[in-house]
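Trainee: I would like to learn how to read charged pairs and helix packing in a model. Where do we start?

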Amino acid sequence: MAPIDETARIAQEPASEGAPPPPPPPGTVADHSTRMPRWLPRAIVLALGLYASFQLGSWAFHQLTGLLINILIAFFLALAIEPAVSWMASRGMRRGAATGTVFLGIVVVTAGFVLLMGSMLASQITSIAEDFPKYLDSVINWSNTTFSTELNRVKIQDSLVRSDWLQKYLQDSATGVLDVSAQVLGGLFQLLTVLLFSFYFAADGPRLRRGVCSVLPPARQSEVLRAWEIAVDKTGGYLYSRGLMAMVSGVAHYVLLQTLGVPYAPALAVWVGLISQFIPTIGTYLAGALPMLIAFTVDPWYALWVLLFVLVYQQFENYLLQPKLTARTVDIHPAVAFGSVIAGTALLGAVGALIAIPAVATLQAFLGAYVKRYDVTDDPRVQGHRRKGARGVLTRVRTVLSGAAARTGSAAPAASSGAGTVPNADTPAGNG
């Protein structure tokens with residue numbers, strides 16, 4: 001009989017119950033389950049590629065944040081002037097010429113406002129510098145009289161001029177001139193960028209809309225055009241209504257300042273009108289601070305009159321003027337407007353505060369067409385009234401207490417009058 005190979009004999013023997021399988025002999029091929037899956041290298045490469053793309057996109061976004069904000073400002077500015085440009089274009093003017101005319105008007109108004117405020121501030125600074133010795137003499141005399149000091153204006157001026165901190169401040173200011181100049185140049189470049197993009201957005205608005213709609217199916221094209229039209233109406237209506245309210249506010253404050261004899265009444269009126277309307281929430285108080293300060297230099301009582309007028313006019317504007325002017329443009333709840341301003345400020349700073357209200361108004365108007373609304377039930381609680389049969393907790397407590405008091409009062413007289421009553425015939429005492 002032929003000898004049997006030892007390896008074959010071990011493989012043919014049945015494994016004992018519960019014992020692990022014997023290891024494969026050396027030289028044999030490993031099982032396929034121990035190999036690396038074919039998709040794993042591709043998955044690793046794909047994950048690394050996605051991570052690298054995310055990092056690259058995040059870096060590019062942070063680098064281009066300033067440009068994106070400028071483009072966003074330019075887009076909303078183009079939406080704001082779109083009604084005026086479209087009106088001029090419908091009268092036969094070329095769209096580019098109409099856009100240039102609108103921008104020229106904006107530049108002229110802005111330059112006039114800056115010149116008025118600059119001349120007013122320069123004159124006030126000059127008058128303060130000329131009257132500074134008088135103010136200093138009055139303070140020194142008051143101090144010498146009150147505290148028995150021996151101060152002298154000439155010595156104080158010499159000590160201030162020769163002081164180390166003043167010389168250091170002048171040196172720091174001289175070295176910071178370059179930084180201020182760089183910031184001014186950067187601001188002018190950003191302004192030029194915004195104006196350039198907004199000009200292209202407004203002048204080539206139809207071409208831009210055709211380019212966006214060309215990559216969308218017909219059903220989506222109508223939605224995009226509708227959203228675009230709503231954004232134009234809300235943004236333009238918001239700015240125009242704010243401009244009208246600024247004009248009314250400026251005229252009202254001009255009459256007051258001119259009546260009181262406060263200097264620079266026209267410039268202060270323009271300041272109050274623009275700042276109070278185009279800086280949300282706190283613009284009114286910022287706008288009223290400067291007229292109050294200048295009125296205080298004329299007469300302290302004039303500053304009080306200005307403060308009272310600002311407060312009264314703010315209530316008139318909030319409850320009478322603003323609802324009538326903005327009812328068809330940006331009819332949003334004041335709490336929603338305040339929250340949108342806070343959110344816009346947290347996201348984009350001052351730019352977000354300016355564009356928050358028209359953006360929220362546009363979103364609200366666009367979503368209003370897709371929210372299904374129902375007729376409100378005829379219930380007094382909808383109008384803020386309670387139902388006739390409903391009673392509050394205090395009413396129920398009063399009812400319980402009054403009932404208990406009534407029962408207690410009726411039981412006490414019955415107990416006190418029991419001795420004088422005639423016994424009933426049915427009682428045992430009566431029978432006895």
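Mentor: With one charged pair. Side chains of opposite charge can pair when their charged atoms come close. In this predicted model, Glu82 forms a salt bridge with Arg209, and the closest N and O atoms are 4.0 Å apart.

Trainee: Which parts of the chain does the pair of Glu82 and Arg209 link?

Mentor: Distant ones: Glu82 is in helix 3 and Arg209 is in helix 8 (residues 205-213), 127 residues apart.

Trainee: Are Glu82 and Arg209 buried or exposed?

Mentor: Both Glu82 and Arg209 are buried.

Trainee: How many salt bridges does the structure hold?

Mentor: There are 2 salt bridges. Glu82 also forms one with Arg95, where the closest N and O atoms are 2.5 Å apart. Arg95 lies in helix 4 (residues 95-147) and Glu82 in helix 3, so this pair ties together parts 13 residues apart in sequence. Arg95 is buried, as is Glu82. Through shared partners, Glu82, Arg95 and Arg209 are joined into one network.

Trainee: Now the packing. At what angle do the axes of helix 3 and helix 9 cross?

Mentor: The axes of helix 3 (residues 65-90) and helix 9 (residues 218-260) cross at roughly 85° and come within 8 Å. Angles of 65 to 115 degrees count as roughly perpendicular, and the two helices are therefore roughly perpendicular to each other.

Trainee: Which residues meet there?

Mentor: On helix 3 they include Phe75, Phe76, Leu79 and Glu82; on helix 9, Trp228, Val232, Leu239 and Tyr240 are among them. The contact divides into 12 nonpolar, 2 polar and 1 charged residues.

Note on methods:
Residues numbered from 1 in each chain as written. Predicted model: local features only at pLDDT ≥ 70, side-chain atom pairs only at ≥ 80, totals over all residues. Heavy atoms only, no water. Axes fitted to C-alpha atoms, helices over the stretch in contact; angles between N-to-C directions. Helix = DSSP H or I, 4+ residues; strand = E, 2+ residues; numbered from the N terminus. Parallel < 35°, antiparallel > 145°, perpendicular 65-115°, else oblique. Contact = heavy atoms within 4.5 Å. Nonpolar A, V, L, I, M, F, W, Y, C, P; charged D, E, K, R; others polar. Salt bridge = Lys/Arg side-chain N within 4 Å of Asp/Glu carboxyl O. Buried < 20%, exposed > 50% of the residue type's maximum accessible area, 1.4 Å probe, protein only.
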